[in-house]
Amino acid sequence: MLGHFSRKSALTLAATLTICMAPLSGLALADPGHNVPDDYLIDFEVVRIQALLADKGFYRGPVDGFQRGEIRHSIMAFHKAADLDRVPTLMPGDMEVLAAWEPQIPELPDQPDRVEVDLERQVLHLVEQGRVVATLPISSGSGRRYFSSIPGFGWAWAFTPQGSFRIEAHIPGWRYAGLGALYRPWYFKGGFAIHGSTSVPTFPASYGCIRVTIEDADWLSERLSIGFRVNVRSTIPREDPPPAPVMPSFTFPPSMYS
């Protein structure tokens with residue numbers, strides 16, 4: 001059902017790669033003695049990071065040891081959700097915090113499947129059966145005043161409406177509107193939508209929509225539906241997390257609105 005590895009499968013892959021010193025088909029260990037192009041080397045530290053990010057719901061790509069843009073977006077989502085510096089690379093101590101990470105959302109037994117948007121942290125949580133299965137980085141309404149090119153619209157404020165909504169409509173491809181391009185938009189209140197964008201900065205920057213990355217828009221397209229709940233909140237209160245446990249030692253082989 002999920003577009004990413006489960007904890008068991010992700011960690012099993014990491015363990016398998018650790019034990020098997022022979023290169024996989026088309027791949028090789030990060031050892032210059034193998035004399036293969038860098039593009040075909042497994043980076044076992046990246047495997048470890050991908051597996052942990054996937055287990056915590058931040059990463060939805062393959063756990064294969066290759067650097068890709070999705071990892072940077074996943075790290076950004078983790079930093080936003082955990083109230084850390086909004087940078088797309090891991091910082092000292094991040095792996096310990098990530099290992100102890102548990103998302104905190106309101107308990108809503110009558111809404112087991114829903115989207116929870118935290119505007120302050122600029123993240124979106126996808127909830128299935130009462131459990132957060134994914135946390136995505138977003139960019140919402142900037143709060144700035146702007147003049148709309150839509151006839152009769154005039155001056156307006158770029159805000160994202162807060163409240164509890166349901167998805168009303170969906171366009172499966174690109175929508176080119178007066179305020180920009182929307183990729184696979186899911187409209188939850190009039191012209192406000194959750195949609196893919198080529199620009200998802202670390203801060204609120206949209207005209208009011210909830211932007212996600214193009215990759216995340218593709219991923220969400222298989223999980224959202226008309227009538228799906230969308231709760232947009234100013235923030236989701238978090239209790240102080242428990243002390244982070246000591247990380248186990250991993251030993252890998254050497255070397256309308258947009």
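**View 1. Contact between helices α2 and α3.** Val 46, Gln 50 and Leu 53 of α2 meet Ile 71, Ser 74 and Ile 75 of α3, where contact means heavy atoms within 4.5 Å. Sorted by class, this contact of α2 with α3 holds 4 nonpolar, 2 polar and no charged residues; Ala, Val, Leu, Ile, Met, Phe, Trp, Tyr, Cys and Pro count as nonpolar, Asp, Glu, Lys and Arg as charged, and the others, Gly among them, as polar. The model is predicted, so local features are given only at pLDDT of at least 70 and side-chain atom pairs only at pLDDT 80 or more, whereas totals for chains, interfaces and linings use all residues. Residues are numbered from 1 along each chain as its sequence is written, and side-chain values use heavy atoms, with hydrogens and water left out.

**View 2. Geometry of the α2 and α3 pair.** Helix α2 covers residues 44-55 and helix α3 residues 69-81, and the two pack at an angle of about 50 degrees with their axes 11 Å apart. Helices (H or I, at least four residues) and strands (E, at least two) are DSSP runs, numbered from the N terminus; axes are lines fitted to C-alpha atoms, for helices over the stretch in contact, and angles run from 0 to 180 degrees between N-to-C directions. The two helices α2 and α3 are therefore oblique to each other, a term for angles that are not under 35 degrees (roughly parallel), over 145 (roughly antiparallel) or 65 to 115 (roughly perpendicular). The crossing in which α2 passes α3 is left-handed, that is, the near helix is turned anticlockwise from the far one by less than a right angle.

**View 3. Burial and span of helix α2.** Of the 12 residues of α2, 10 are buried, so the helix is largely enclosed by the rest of the structure; buried means under 20% relative accessible area, exposed over 50%, and partly exposed in between (1.4 Å probe, protein chains only). The buried residues of α2 include Phe 44, Arg 48, Gln 50 and Leu 53. At 1.5 Å a residue, the 12 residues of α2 should span 16 Å, and the end C-alpha atoms are 16 Å apart, which agrees; the expected span is 1.5 Å times one less than the number of residues.

**View 4. Helix α3 and the residue that follows it.** Buried residues of α3 include Ile 71, Ser 74, Ile 75, His 79 and Lys 80, and what covers the buried residues of α3 includes α2, α4 (94-99), β4 (123-128) and β5 (131-137). The 13 residues of α3 should span 18 Å at 1.5 Å a residue, and the end C-alpha atoms of α3 lie 19 Å apart, which agrees. After α3 comes Asp 83, whose phi is positive, near 60 degrees, and which is found in the loop between α3 and α4. Asp 83 counts as partly exposed, at 49% relative accessibility.

View 5. Gln 122, in the loop between β3 (114-118) and β4, is not a glycine and yet has a positive phi of about 60 degrees. Most residues other than glycine have a negative phi. Gln 122 is buried, with a relative accessible area of 0%. Thr 235, in the segment after β14 (229-233), is 113 residues from Gln 122 in sequence but 9.0 Å from it in space, C-alpha to C-alpha. Thr 235 is partly exposed, with a relative accessible area of 24%, and, not counting residues up to four places away in sequence, touches Asp 118, Glu 120 and Arg 121.

**View 6. Surroundings of Val 132.** Val 132 has its place in strand β5 and counts as buried at 14% relative accessibility. Not counting residues up to four places away in sequence, Val 132 touches Pro 103, Ile 105, His 125, Leu 126 and Val 127. Between Val 132 and Glu 116 the separation is 16 residues in sequence and 9.2 Å in space, C-alpha to C-alpha.

**View 7. Gly 173 and His 170.** Gly 173, in the loop between β9 (169-170) and β10 (174-177), is partly exposed with a relative accessible area of 22%. Leaving aside residues up to four places away in sequence, Gly 173 touches Leu 182, Tyr 183, Arg 184 and Pro 185. His 170, in strand β9, counts as partly exposed at 26% relative accessibility and, with neighbours within four places in sequence set aside, is in contact with Arg 184, Pro 185, Trp 186 and Ile 226.
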